[in-house]
Amino acid sequence: LKRIAYLLDIFPRLSETSTVTEIVELMNDKLDVRIFSRKKSDDKVQHLKAKELMKQTFYFSDLRVSNLKILWLHLSFLVSSPTRYIKTFLFSYKRRDNGTLWHFSHSVVYAKVLKEARIEHIHSRYANSVATKYAMLSSMLTGISFTFSAHGWYDLFTSPPVDFYDIAINSKGVVVATNFNKDYITKHFHIPADKIYIIRRM
């Protein structure tokens, strides 16, 4: 039984009930799902199930990590996994113009938390989210596999991330809801079709 991390930007969001539904369905299927969120929601009203899941959620915003601690974590990953660390650093440095290097500087915090939680797979929702960037970098640092969901209009057509190709290629797979979205990703982002999975309940 794999321990799966859902790494999200903000949880829960009243406007994104599908996220709660998806997590509950996986839990009902007896999967060991752990929720990690970068921030807490500002929504004053929440569904009952969302309130229950909040109690189980790890919030990175609750952490108080000094620059010295971050430096120590970088040194720790460099010593423990030198090849992975150097490859991730070089990957990030080459993409410093799109902010990847900045995210790399903080990714060690995410990688440490996920590793200590003995996570075996990371999943994030939305291609164009900071959480997905951290999922990719944490995966590169630790070797934990990751996938992400690409959702329709915003993720694919109006505001796809400039590094969509990099994120998809480094992932175990991209999850979409329709054949149309799969074909679009294959044609426009040049992602191999065998890395794209259709799950219609997204």
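1. Helix α4 and helix α6 (residues 130–142) pack at about 150 degrees, with axes 7 Å apart. The axes are lines fitted to C-alpha atoms, for helices over the stretch in contact, and angles between N-to-C directions run from 0 to 180 degrees. On the α4 side, the contact uses Arg84, Tyr85, Thr88, Phe91 and Ser92. On the α6 side it uses Met136, Leu137, Ser139, Met140, Leu141 and Thr142. Contact means heavy atoms within 4.5 Å. The contact of α4 with α6 holds 6 nonpolar, 4 polar and 1 charged residues. Here Ala, Val, Leu, Ile, Met, Phe, Trp, Tyr, Cys and Pro are nonpolar, Asp, Glu, Lys and Arg are charged, and the others, Gly among them, are polar.

2. Some ground rules. This is a predicted model, in which local features need pLDDT of at least 70 and side-chain atom pairs need 80 or more, while totals for chains, interfaces and linings use all residues. Residues are numbered from 1 along each chain as its sequence is written, and side-chain values use heavy atoms, without hydrogens and water. Helices (H or I, at least four residues) and strands (E, at least two) are DSSP runs, numbered from the N terminus.

3. Next, α4 with α5. Helix α4 covers residues 82–94 and helix α5 covers residues 100–116. They pack at about 150 degrees, with axes 7 Å apart. α4 and α5 are therefore roughly antiparallel; that label applies to angles over 145 degrees, while under 35 is roughly parallel, 65 to 115 is roughly perpendicular and the rest is oblique. α4 brings Tyr85, Thr88, Phe89, Phe91, Ser92 and Tyr93 to the contact, and α5 brings Thr100, Leu101 and Phe104. By class, the contact of α4 with α5 has 6 nonpolar, 3 polar and no charged residues.

4. Then α3 with α4. The axes of helix α3 (residues 67–80) and α4 come within 5 Å and cross at roughly 125 degrees. α3 and α4 are therefore oblique to each other. His74, Phe77, Leu78, Val79 and Ser80 of α3 meet Pro82, Tyr85 and Ile86 of α4. That contact of α3 with α4 has 6 nonpolar, 2 polar and no charged residues.

5. Now the cores. A nonpolar core is a set of buried Ala, Val, Leu, Ile, Met, Phe, Trp, Tyr and Cys residues joined through side-chain atoms within 4.5 Å. The largest has 42 residues, and Leu7, Phe36, Phe148, Phe164 and Ile185 touch the most other members. Another core, of 13 residues, lies apart from it and includes Tyr6, Phe11, Leu26 and Tyr59.

6. Look at Phe164. Phe164 is found in helix α8 (residues 164–170). Phe164 is buried, at 1% relative accessible area. Buried means under 20%, exposed over 50% and partly exposed in between, with a 1.4 Å probe and protein chains only. Leaving aside neighbours within four places in sequence, Phe164 has contacts including Phe148, Leu156 and Ile185.

7. Check the backbone. The peptide bond from Phe11 to Pro12 is cis, with omega near -10 degrees. Pro12 is in the loop between β1 (3–11) and α1 (17–28).

8. Two residues have positive phi without being glycine. Tyr126 has phi near 80 degrees. Tyr126 is in the loop between β4 (121–125) and α6, and is partly exposed at 22%. His190 has phi of about 60 degrees. His190 is in the loop between α9 (179–188) and β7 (196–198). His190 counts as exposed, at 59% relative accessibility.
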